[in-house]
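Biologist: Please give me a close look at a single part of this model, with the cut-offs behind each term.

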Amino acid sequence: MFKKKLVKWLEKKIKEDIVLETPPSKDMGDYALACFPFCKKLRKDPKKIALEYATVLHLEKPGYIEKIISLSGYVNFFLKTKVLAKKVIEKISKDKNNYGKTNIGRKKQVMLEFSAPNTNKPMHLGHLRNNLLGDCLSNIFDYEGYKVIRANLINDRGIHICKSMLAYKKWGKGKTPKSENMKGDHFVGYYYVLYQQKLKEDPKLEQAAQRLLKKWEKGDEKTIALWKKMRKWCLQGFNETYKTLGVKFDKIYYESTFWKKAKNLVLRYYKKGQFIEGEDGELLCDLEKYNLPNKVVLRADKTTLYSTQDIYLAIQKFKDYNLEKSIYVVAREQEMYFRQLFAILRKLGYKWWEKCLHFSYGMINLPEGKMKSREGTVVDIDDLITVMKDLAKIEIKQRHDEMEEAELEKRSSAIGLAALRFFLLKIDAVKDMIFNPTEAIPFEGDTGPYVQYTYARASSILRRVKGVKGIEVQYELVREDVERELVKKLEEFPEIVENSCNNLRPHLIAQYLTDLCRTFNDFYQKCKCLQAEEDIKAARIKLVKVSTIVIKNALTLLGIKALEEM
RNA sequence: GGGCCUGUAGCUCAGCCUGGAUAGAGCGGCAGCCUUCUAAACUACAAAAUGAAGGCAGCUGAAGGUCGAGGGUUCGAAUCCCUUCAGGCCCGCCA
């Protein structure tokens, strides 16, 4: 708010490129200008330069500046607390849940593809990080004014799907999710696991699954009917999970609807000479000129691969929408794959290949160690949510002796999910991480519940306050150190969102939130609101009010519910 | 053999893109506030130095660091460049 203004003013005064930084401690002011770079030109000691600048500038300082001094080679600027408080508080009061939006994405469309489940088993911990990152990034783009298309690519065909179908055919005995009282995706997943188990005793199942795939591809009626049935069960299960997670999509691509077209497309490009035939008849793309290994785009038996379909789908996305960016939220293992995919598109002459972007993220594991589906150590999202919810219940019960069951359900669900989301989103996506449920749930520390709790405390003050409505806020009464700090934190928010959007770093929001909440709690601790004198009370209540707005806005970006009471 | 990523306090992480002043949080641990016991002096009561044991929700305080290592660039490096070590991931018909 003030920084840009100050930079402009300084550039006029000093006639140099001005880069302002934030000093490490508050007695060094709000902004600082390092004078070391000027040394050579002016052939003077930086301390002297700083002193001279500070002296001159101080005399001509603009109205919002309290003082300008020099400290060990820096020119330090101090904002007037009253002006700062007034500007920030009034801005937030006016913008409310729009506070922090910058509109940098106006008239631009961005697509984020994430989630991408297979319809043969429930989504697990890995999908969870994917879903949450994709969802949060989408929220951020949305907030910055982009038109966001949340896309999901459902992998609903292929050999892995046939495996669960085969197992169901053999051992399913006509059971249904309903008859077994199971969630659809878990039901289907059970047969996928069953297949893997039976395969050990009977290796011939592999061929049987292959035959089933062939039948599916030919459109065999019975096979298709079974496929449709099981697919539906699975999708219903996914939708439930998405609903509890609070994840929504604008566009869903089903692999089953375009795999054939994808194959034909690749064949056409082959005929045009864009792809070459390998030793066994497979088709591949030569990427040597891009310094990448070659990529197979169609199997020797002319069945499709992920690459086949992704080439088609990438093109389709740009046909469906006028995209500024097409972002793929996919785990890091596939970094090379996406570099190849984008290079293929480039080779094929699609100018927009540069707009494609792989947002990669690290692995997520449990404290017990690596997840291995074969060893059954995979954790389903649904199970994990239940664990979080139960942990949340324990916390709530410690604080409330009696609570109605419905209310307990509601709160534990909100808190459990908040813990989950926050824990996964606060860590830089590039890093591998260990998800430890018990570390995520406490109401203290860097956790989602801590942030929610802060919001609830603030809300409680606002609920109980009486008699400040008509009183005009006198901003000079915002004068305690902690109050000033809080105001400054609130001011940072728009910059944080913009940064996290431009650099695709959702964790900045979460990091900011803990910071803000700590600052708020410090203020809460040191400044009595309700017991203060009327005019001071009015100012503090206003500060509490705008704090809740910003906390809520930030929470919303993370997809976390702000609770009035916990 | 080649490529990408990570390495910061006991643990979990932020800061690195965009170099700047004493490298920041959270958790844990430590000390204190707290509880019980002890107790000179005193007619007695209240209060209580000191020492010991216990507890831990909250509050307060302090501690904790070769920023993996080495070199370079720079007035200045956790941050940029090079080398190196450790860990993870990937490298034509898996997804």
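Modeller: A residue is called near a molecule or strand when its C-beta atom, placed from the backbone, lies within 6 Å of it. The model is predicted: local features need pLDDT of at least 70 and side-chain atom pairs pLDDT 80 or more, while totals for chains, interfaces and linings use all residues. Residues are numbered from 1 along each chain as its sequence is written, and chains are lettered from A and ligands numbered from 1 in the order in which they are written.

The part examined here is the surface near RNA strand B. There are 53 residues around RNA strand B, and Ala32, Phe36, Val296, Asp428 and Gly445 come nearest. The surface comprises 23 nonpolar, 17 polar and 13 charged residues (nonpolar: Ala, Val, Leu, Ile, Met, Phe, Trp, Tyr, Cys and Pro; charged: Asp, Glu, Lys and Arg; polar: the others, Gly among them). At least two residues each come from β2 (31–34), β4 (74–79), α6 (159–171), α13 (335–347), β14 (433–434) and α19 (507–526); helices (H or I, at least four residues) and strands (E, at least two) are DSSP runs, numbered from the N terminus. The largest share, 5 residues, belongs to α19.

Helix α19 also packs against α20 (residues 534–558), at an angle of about 155 degrees and with the axes 10 Å apart (lines fitted to C-alpha atoms over the stretch in contact, with angles from 0 to 180 degrees between N-to-C directions). Helices α19 and α20 are therefore roughly antiparallel (over 145 degrees). On the α19 side, the contact involves Ile509, Ala510, Tyr512, Leu513, Leu516, Cys517 and Phe520; on the α20 side, it involves Ser547, Val550, Ile551, Ala554, Leu557 and Leu558 (C-beta atoms, placed from the backbone, within 7 Å). These residues divide into 12 nonpolar, 1 polar and no charged.

Strand β4 is joined to β3 in the antiparallel sense over 6 bridges, and Leu71 has Tyr74 of β4 as its bridge partner.

Note on methods
Angles under 35 degrees count as roughly parallel, over 145 as roughly antiparallel, 65 to 115 as roughly perpendicular and the rest as oblique. Two residues are in contact if their C-beta atoms, placed from the backbone, lie within 7 Å. Two strands pair if DSSP finds at least two bridges between them.
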